[in-house]
Amino acid sequence: MANGKKVGVLISGRGSNLAALIDACAADDFPAEVAVVISSRPDAAGLGFAEKAGIPAVALDHSAFDGREAFEAELDATLRAHDIELVCLAGFMRLLTTGFVETWRDRMINIHPSLLPAYPGVNIHERVADDGVRITGCTVHYVRTDMDNGPIIAQSAVPVLSNDTADTVAARVLAAEHRLYPLALRMVADGTVRVSGERVVFSGAETEAPPLFSPQPTR
Ligand code: GRF
């Protein structure tokens, strides 16, 4: 939506969540617009989604900078040059310093492919498949210095089936991510959610959803 909150999306790779956010922002009533996409890797396939949508796409090769602070100073300057109000991390593979995280505190969100606080870190779907858990999912949260930490905005749960592999779990979770991230961004951008005391509070009614059973009861 033109006149929606200006969003900067940070990526490092494939960019499928970026594509979902761009699609969502194309709706007339969506309260945000992707105003710049920045990749920490010049070869990130996701940059193509931005270019196709006519959104400024900036490659900031982190390895070309003299340290993390120098990289982040350029990141910050690029976001400010585009009047960015909200930052979405979408598969952004760089750890951010406390300084950068605090600068964007409560204005920067991330998507993680597990039901946090379970399964932070990497190789999530391998661990989920190995552990034999029956339900996993994805989480959108405000970013704090500790990785995969921060007030939780929204989560989506999906079943794990007994013949699943890490790849099949990943595909099921990714489909949920593509629905969840736009939903969470909408709520952040229109003020439905905000942070209070390191918890997310909602203005307006939340509706109760039916419980997810896995396996599904047959009677
Ligand atoms: C997603 O699974 C996201 O949850 C995680 O990194 C992956 C990025 O995928 N943080 P894509 O680049 O959005 O396709």
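Which helix and strand each supply at least two residues of the shell around the ligand? Keep that question in mind as we walk through this structure, which is a predicted model.

Let's start with the ligand itself, which sits in the largest pocket. Around the ligand you will find Arg 14, Gly 15, Ser 16, Asn 17, Gly 91, Ile 111, His 112, Pro 113 and Glu 177. Sorted by class, this shell has two nonpolar, five polar and two charged residues. Now back to the opening question: the two elements are α1, spanning 16-25, and β5, spanning 108-112, and each of them supplies at least two residues of the shell.

Where does this place the ligand in the chain's overall layout? Domain 1 (1-104) and domain 2 (112-203) both give residues to the shell, so the ligand lies between them.

Next, look at a few individual contacts. Arg 14 reaches the ligand with its side chain: one of its polar side-chain atoms lies 2.5 Å from an oxygen atom of the ligand. Gly 15 uses its backbone instead, with an N or O atom 2.8 Å from a ligand oxygen. Asn 17 also takes part through its backbone, where a polar atom is 2.9 Å from an oxygen atom of the ligand. How much of the ligand does the protein bury? Taken alone, the ligand exposes 370 Å², and the protein buries 84% of that.

Now let's turn to the backbone, where a few spots deserve a visit. Most peptide bonds are trans, and most residues other than glycine have a negative phi. Against that background, find the peptide bond from Leu 116 to Pro 117, which is cis, with omega near 10°. Pro 117 belongs to the loop between β5 and α5 (124-131). Although Asn 123 is not a glycine, its phi is positive, at about 55°.

Our last stop is further along the chain. Ser 214 and Pro 215 are joined by a cis peptide bond, with omega about 0°. Here Pro 215 is found in the segment after β9, the strand at 199-202.

Terms used
Residues are numbered from 1 along each chain as its sequence is written. This is a predicted model: local features need pLDDT of at least 70, side-chain atom pairs count only at pLDDT 80 or more; totals for chains, interfaces and linings use all residues. Side-chain values use heavy atoms; hydrogens and water are left out. A residue is near a molecule or strand if one of its heavy atoms lies within 4 Å of it. A polar contact is a pair of N or O atoms within 3.5 Å; within protein, one must be able to donate a hydrogen and the other to accept it, and residues adjacent in sequence count only if both atoms are side-chain atoms. Accessible areas come from the Shrake-Rupley method with a 1.4 Å probe; for residues, only the protein chains shown count as cover. On a 1 Å grid over the protein atoms alone, a cavity is a set of points where a 1.4 Å probe fits but cannot get out, and a pocket is an open set with protein on both sides within 12 Å along at least five of seven lines; lining residues have an atom within 4 Å of a point. A molecule sits in a cavity or pocket if more than half of its atoms lie within 2 Å of its grid points. Helices (H or I, at least four residues) and strands (E, at least two) are DSSP runs, numbered from the N terminus. Ala, Val, Leu, Ile, Met, Phe, Trp, Tyr, Cys and Pro count as nonpolar, Asp, Glu, Lys and Arg as charged, and the others, Gly among them, as polar. Domain bounds come from an automatic or database domain assignment.
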